[in-house]
Amino acid sequence: MSDGSRFFALLLVCCLLVTVSMWAVTLGTVHIPLRSVWQAIVGFDGSREHLLVMTIRLPRVLAALLAGSALAVSGAIMQAVTNNPLASPGLLGINAGASFAVVSVMTLFGAGTGDVYMWFAFAGAGGAALLVYTLGSFGLAGQSTIGLVLAGAIVATFLTALTSSVLIFDQSTLDAVRLWTAGSVSGRTMAQAAAVAPYILVGLAAALLLGRHLVTLSLGADAARSLGQNPMVWRAISVAIIILLAGSAVSLAGPIGFVGLVVPHIARLTIGVDYRWVLPFSAIGGALLVVAADTAGRMIFASQSFPVGVTIALVGAPFFLWLARNRAGGAT
Amino acid sequence: MSADDRHTLGKLAGQRVSIAYGEHRIVEDLDLVVPERRFTALIGPNGSGKSTILRTFAGLMSPASGTILLDGRSIDTLSTKDLAKRVGVLLQGPVAPEGLTVRDLVRQGRYPHRSLFARWSDEDQAACDEALMLTGTTTLADTPLDSLSGGQRQRAWIAMTLAQRGEVLLLDEPTTYLDLAHQIELMNLITVLVRDHGKTVVAVLHDINQAARYAEHIVILNNGRITAAGRPEDVISAEAIASVFGVRSVIIRDPVADTPLCIPL
């Protein structure tokens, strides 16, 4: 595919994203026409309609956009770094770490506001990922990424078991955390989206600059080194960006699965494996998928609090099966 | 450094090199000289340390002791990027991500020449075009590597190392798994690179007769030591083959190339 048609494909997805996002803001318990949405943004007058747009609809769409692009891009980086098409940021233990942190905080201090969970989720995600990275990089497998994948599976399983055992004994936390662990952008505030946005934007910018180096890194440690790249340094940079992006996403929207796995695949199937294109395409595509799934979920299940993580899993699971059947053993 | 030193040290040389995996010493006190603008073949039985030595010469492994010299200067004094500008390496069974095209791969050869955020330059483009042309992969440029034949894929990887525009190429068993026609094609490519483009090529080869026919300098290794080194006609002998490979043979002249030909008994 030529750069021209890649650019065209990217533009097309951008247009689609704008359209779907606008549709998402108008849709809800009451329909709000686009003109009113625009007026609410540029000339807020405190009316019920404007309040609805600024405090409920728009934050929700923004949260979906941010979480979606962050998850998809971190998934693409993860797949390149491990040279494993089935890798996702969850492999670094990010979701398990965030869930464990949120559940622990709820059990110890009782259910608080969403703002509190955000920072604990981020800390949990970052802590688990750093642990996985440290175990994986300096363990037996040395420079190979198998160590990373193994350490990730072990840490994630262990943390998930801890989370489950807490929830078994604490019914009230289970009720409070149920929606969060499904992955949801319902009820997010503008302040929450704004708090996470800078981290995600910095992470996305860094990821876009990383593109060319990721292709080199995905040739394997020996080839990368023989081309003059220090694979240890670039792997560490990649993992830092993954933690920033996926950690921010999980703190904003909870552990939404499949986005980080599926979107980079669709990107590669559409525009090829060059990461200079896969990354921007994943960013736009991830945002599109989460906004579209969230809005579709709200429509189909006629519930404003229906978690987007469930809708995406319903679509993502069959895709994953198809993927595993067609590609298993291919490039792992 | 005098011209004489240059000659005795060659393009690439190992001085008293010992290589170990943990406690296990594989190579002890090796002195190996790779002559400039020549095709050097490393041969020896499995486990003789050929590939390990190649990896060490490529800077991918650090020797336990000793020095690797490139033009008389220790490669430890060069950054990984500066080394990659001068030495291209192709190891066995390289893996590229699914769907990567030949062009994408060859572009990677420019990695050491580009600074962190540098744009793609005319020189980068020229180096890639030349590498594709030399390896006859120009028409395959937009084909994904995974849909190429083994021989084409190997040429694409060599094109990547050529795009680095280094003076030295290190190849680990480049002809393994290739059919006869592709093996000959690859050997002819190496000959052209050495003769017409002034490259210094070192290849680990399995086939003694292939090495004898195409290489100008042969190093026979056994248990991490050099048994013999020199021109094919000087080092390929029935005694050397018997002592290194444990195979009795007669050596005749290759009727086509007039090089030594080993016929096992």
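Where in chain A is the place of A:Phe301? Select A:Phe301 and you'll land in the loop between H12 and H13 of chain A. Keep in mind as you click around that this is a predicted model.

A:Phe301 counts as partly exposed because its relative accessible area is 37%, between the 20% and 50% cut-offs.

Next, show both chains. The contact takes 29 residues from chain B and 20 residues from chain A. About 2,300 Å² is buried between the two chains, and carbon and sulfur atoms give 57% of that area. On the chain B side, pick B:Glu98, B:Gln108 and B:Tyr111: they lose the most area to chain A, together 30% of what that side buries.

Zoom in on B:Arg55 and A:Asp222. They form a salt bridge, with their closest N and O atoms 2.8 Å apart; the count between the chains is one salt bridge. For polar contacts across the interface, the tally is eight residue pairs. Then highlight H4 of chain B, which brings four residues, the largest share of the side that touches chain A.

Last stop: B:Arg155, in helix H6 (residues 150–163) of chain B. With a relative accessible area of 14%, B:Arg155 is buried. Follow its side chain to the backbone oxygen of B:Thr135, at 3.0 Å. Other residues touched by B:Arg155 include B:Gly136 and B:Glu185.

Conventions
Residues are numbered from 1 along each chain as its sequence is written. Chains are lettered from A and ligands numbered from 1 in the order in which they are written. This is a predicted model: local features need pLDDT of at least 70, side-chain atom pairs count only at pLDDT 80 or more; totals for chains, interfaces and linings use all residues. Side-chain values use heavy atoms; hydrogens and water are left out. Helices (H or I, at least four residues) and strands (E, at least two) are DSSP runs, numbered from the N terminus. Buried means under 20% relative accessible area, exposed over 50%, partly exposed in between (1.4 Å probe, protein chains only). A polar contact is a pair of N or O atoms within 3.5 Å; within protein, one must be able to donate a hydrogen and the other to accept it, and residues adjacent in sequence count only if both atoms are side-chain atoms. Contact means heavy atoms within 4.5 Å. Buried area is the accessible area (1.4 Å probe) that two parts lose on being put together, summed over both. A salt bridge is a side-chain nitrogen of Lys or Arg within 4 Å of a carboxyl oxygen of Asp or Glu. Lists of a residue's contacts leave out its neighbours within four places in sequence.
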